[in-house]
Amino acid sequence: MALDEQGSDDSAVVNELNSILEMDITGFSGHPIASMSTIPHHLGAEVFSRTMERNAGRLHSFKSSAIVEQEVIEMIADLLHLDIPYGTTSSGGTESNILAMLAMRESKKKIKKPEIIAPKTVHSSIDKAAWILGIKLVKTGIDRQFKANTRLIEKRISENTVGIIATAGTTYLGQIDPIDEIGLIAKQNRIPLHIDAAFGGFVIPFLYDLGLGHHPFDFEIKGVTSISIDGHKMGLAPIPSGCLIFRSVRHLNAITRKVPYLRGASSKQSSLLGTRPAGSILATWAIMKHLGRSGYREMVRGCMKRTQLGKDRVDENPLLELVIDPVMNILAIESREVPLNVIVLKMEKRGWRMVTSPLPHSLRLVIMPHVTTGAMNAFFNDLDEVSTTVPAD
Ligand code: 0PR
């Protein structure tokens, strides 16, 4: 498309854009059921929209953002059982994971051929980070519940190992690795352990409060050295909102660079990005202050209630099967009769945008706060029809 010499007036542009935007399935459209993103909390959206010019890469000018960023890090660390955190906000799970792996590589600089051990269920951003950072990723096996096998991790530790990674809330199944066991071997071998809690970080602490399972995953476990957690998933924050927290200042220092021409707080940067939106950090702060623990707990309660509804609907359909009993608000569904690809095509025709996980081949549903009981029922009514070869009457 060429850039027009003369611009169009506001309303013409907005009309054109609106017709393009109609293609999207968003949290507002009643159909989204597969995505880890949600409608940001209205307070965050309001804060974001009026602070868009603020740059968290220039904290010397935007001093308020420096204070607020630190408070976001502290509130999140509090949720993750750490009193004195060191960290940075980020653009999301990918950036946090890249930085965590950079810290591992940099804190063991003597190792010339760095390797990181990670179960094969880690998110693709871990592979991307290894590629960018020149780190060899040693992938390890999982058990029948799709959790990391600790023994296999231990076996692969070598003189080149600079770190271990585990996940609290896997992308495909929402499964939690046995982080207490992995923490123990990481500590015994003095190897940093990063936990990717991009999705699960804003869920697991509240599951415990709600009596829905105790899954130790955070800094309570001595061997855990860093955690990534995303506001823009279950934190209800606008995109981009991620956070990386370290237990030790040594690891934060390992990813901090001087930017000598900038002054004061801006003269050091720990993020990958230079210019980055302060608006989403301010929005995350506002949402966290507004919701408090009880607000998040109630949100998780609702998501888990509707997850149970989804589980019941799968259990009622003899041609569908869950891969694991849901640990958090993610359901992975296998089909016994109709091939999954056929189901996906038919569901897409009915307006659903689907996600299929490869391990194992299954449909992934994420029961985010915007996924209402009505949307769940509408989805399963359609799924019941397309998952059988016998036409429904
Ligand atoms: N770690 C885990 C466990 C993740 O699931 C993800 C994203 C990341 C890290 C990376 O986070 P960022 O995407 O914030 O960098 N997983 C999402 C998913 O696979 C990414 C996504 C989100 C994909 C929304 C599609 C979508 O509609 O669902």
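The model is predicted.

**The whole protein**

The secondary structure comes to 12 helices and 13 strands. The C-alpha trace spans about 70 × 65 × 45 Å along its principal axes. The radius of gyration is 22 Å, which agrees with a compact globule, because 393 residues packed that way would give a value near 21 Å. Of these 393 residues, 47% count as buried.

**Parallel strands**

Start with strand β2 (residues 115-119). Five bridges join β2 to strand β3 (residues 136-140), and the two strands run parallel. The chain gets from β2 to β3 through helix α5 (residues 124-133), and this β-α-β crossover is right-handed.

Strand β2 also pairs with strand β4. Three bridges join β2 to β4, again in parallel. I117 ties these pairings together: its bridge partner in β3 is V138, and its partner in β4 is I164.

How many residues of strand β4 (residues 161-167) are buried? Seven of its seven residues are, so β4 is mostly covered.

Strand β4 pairs with β5 (residues 193-196) too. Four bridges join β4 to β5, and they run parallel. Here A166 has I195 in β5 as its bridge partner. The chain crosses from β4 through helix α7 (residues 179-188) to β5, and this β-α-β crossover is right-handed.

Most residues other than glycine have a negative phi, and most peptide bonds are trans. The places below depart from that pattern.

| Site | Feature | Angle |
|---|---|---|
| I239 to P240 | cis peptide bond | omega near 5 degrees |
| L359 to P360 | cis peptide bond | omega about -10 degrees |
| H81 | positive phi, not a glycine | phi about 60 degrees |
| R190 | positive phi, not a glycine | phi about 55 degrees |

Where do these residues sit? P240 lies in the loop between β6 (224-230) and β7 (242-246). P360 is in the loop between β12 (356-358) and β13 (361-366). H81 is found in the loop between α3 (63-79) and β1 (86-90). R190 is in the loop between α7 and β5, the two elements that take part in the crossover from β4.

Is R190 buried or exposed? R190 is exposed, because it has 8 other C-beta atoms within 10 Å, and 12 or fewer is the cut-off for that class. H81 counts as partly exposed because it has 15 C-beta neighbours inside 10 Å.

**A residue in a loop**

E22 lies in the loop between α1 (10-21) and α2 (42-49). E22 has 8 C-beta neighbours inside 10 Å, so it counts as exposed. How far apart are the C-alpha atoms of E22 and S362? They are separated by 28 Å, and the two residues are 340 residues apart along the chain.

Key. Residues numbered from 1 in each chain as written. Predicted model: local features only at pLDDT ≥ 70, side-chain atom pairs only at ≥ 80, totals over all residues. Pairing = 2+ DSSP bridges. Right-handed = clockwise from strand over helix to strand, strands pointing away. Rg over C-alpha atoms; globule rule 2.2 N^0.38 Å. Buried ≥ 20, exposed ≤ 12 C-beta atoms within 10 Å, placed from the backbone.
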